[in-house]
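This briefing is intended for a reader who is meeting the structure for the first time. Please keep the sequence and the model in view while reading.

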Amino acid sequence: MSKIRISDEFDTSSADFIRVATLEELKTARMLVVRGARYPLLVIYDDGKVFALDNRCPHLGFPLHRGSVEDAS
């Protein structure tokens with residue numbers, strides 16, 4: 001299972017991680033929304049990399065997983 005760091009501190013205790021999915025499950029789904037300690041997280045697999053972000057739009061608070069990404073470079 002993949003683990004996503006959700007703590008602001010640099011402590012690597014097991015309380016700082018949550019189980020999300022296997023890498024194969026994430027590759028198939030391309031993105032997953034999971035419950036983080038403080039807010040929903042959007043976990044994305046793109047171009048061989050895994051990203052985890054707050055699932056809320058910073059401007060209006062809408063769920064990012066319902067939107068689209070353009071020119072993400």
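The structure is a predicted model. Its protein chain contains 1 helix and 5 strands, and these elements follow one another in the order β-β-α-β-β-β. The chain has 73 residues, of which 22% are buried.

**Overall fold and surface**

- Among contacts in the protein chain with a separation of 6 or more, 12% are accounted for by residues 24 or more positions apart.
- The protein chain exposes about 5800 Å², and carbon and sulfur atoms supply 53% of that area.

**Leu-26, a buried residue in the helix**

- Leu-26 belongs to helix α1, which spans residues 23-29.
- Leu-26 counts as buried because its relative accessibility is 3%, below the cut-off of 20%.
- Neighbours within four places in sequence aside, Leu-26 is in contact with Ala-21, Met-31, Leu-32, Val-43, Ile-44, Tyr-45 and Val-50.

**Asn-55, a buried residue after strand β5**

- Asn-55 is found in the segment after β5, a strand that covers residues 49-54.
- With a relative accessibility of 4%, Asn-55 also counts as buried.
- When neighbours within four places in sequence are left aside, the contacts of Asn-55 are Val-33, Pro-40, Leu-41, Leu-42, Phe-62, Pro-63, Leu-64 and His-65.

**Salt bridges**

- Side chains of opposite charge can pair when their charged atoms come close.
- The count for this model comes to 3 salt bridges.

*Lys-27 and Glu-24*

- A salt bridge joins Lys-27 to Glu-24, with the closest N and O atoms 3.5 Å apart.
- Both residues, Lys-27 and Glu-24, lie in helix α1 at a spacing of 3 residues, about one turn of the helix.
- Lys-27 is classed as partly exposed, at 32% relative accessibility, whereas Glu-24 is exposed, with a relative accessible area of 52%.
- Glu-24 falls in the exposed class because its value of 52% is over the cut-off of 50%.

*Asp-46 and Arg-30*

- Asp-46 and Arg-30 also meet through their side chains in a salt bridge, at 3.4 Å from N to O.
- Asp-46 lies in strand β4 (residues 40-46) and Arg-30 in the loop between α1 and β3 (31-35), so this pair ties together parts that are 16 residues apart in sequence.
- Asp-46 has a relative accessible area of 37% and is therefore partly exposed.
- Arg-30 counts as partly exposed as well, at 46% relative accessibility.

*Asp-54 and Arg-56*

- Asp-54 forms a salt bridge with Arg-56, and the closest N and O atoms of this pair are 2.7 Å apart.
- Asp-54 is partly exposed, with a relative accessible area of 24%.
- Arg-56 is likewise partly exposed, at 40% relative accessibility.

Technical notes: Residues are numbered from 1 along each chain as its sequence is written. This is a predicted model: local features need pLDDT of at least 70, side-chain atom pairs count only at pLDDT 80 or more; totals for chains, interfaces and linings use all residues. Side-chain values use heavy atoms; hydrogens and water are left out. Helices (H or I, at least four residues) and strands (E, at least two) are DSSP runs, numbered from the N terminus. Buried means under 20% relative accessible area, exposed over 50%, partly exposed in between (1.4 Å probe, protein chains only). Contact means heavy atoms within 4.5 Å. Accessible areas come from the Shrake-Rupley method with a 1.4 Å probe; for residues, only the protein chains shown count as cover. A salt bridge is a side-chain nitrogen of Lys or Arg within 4 Å of a carboxyl oxygen of Asp or Glu.
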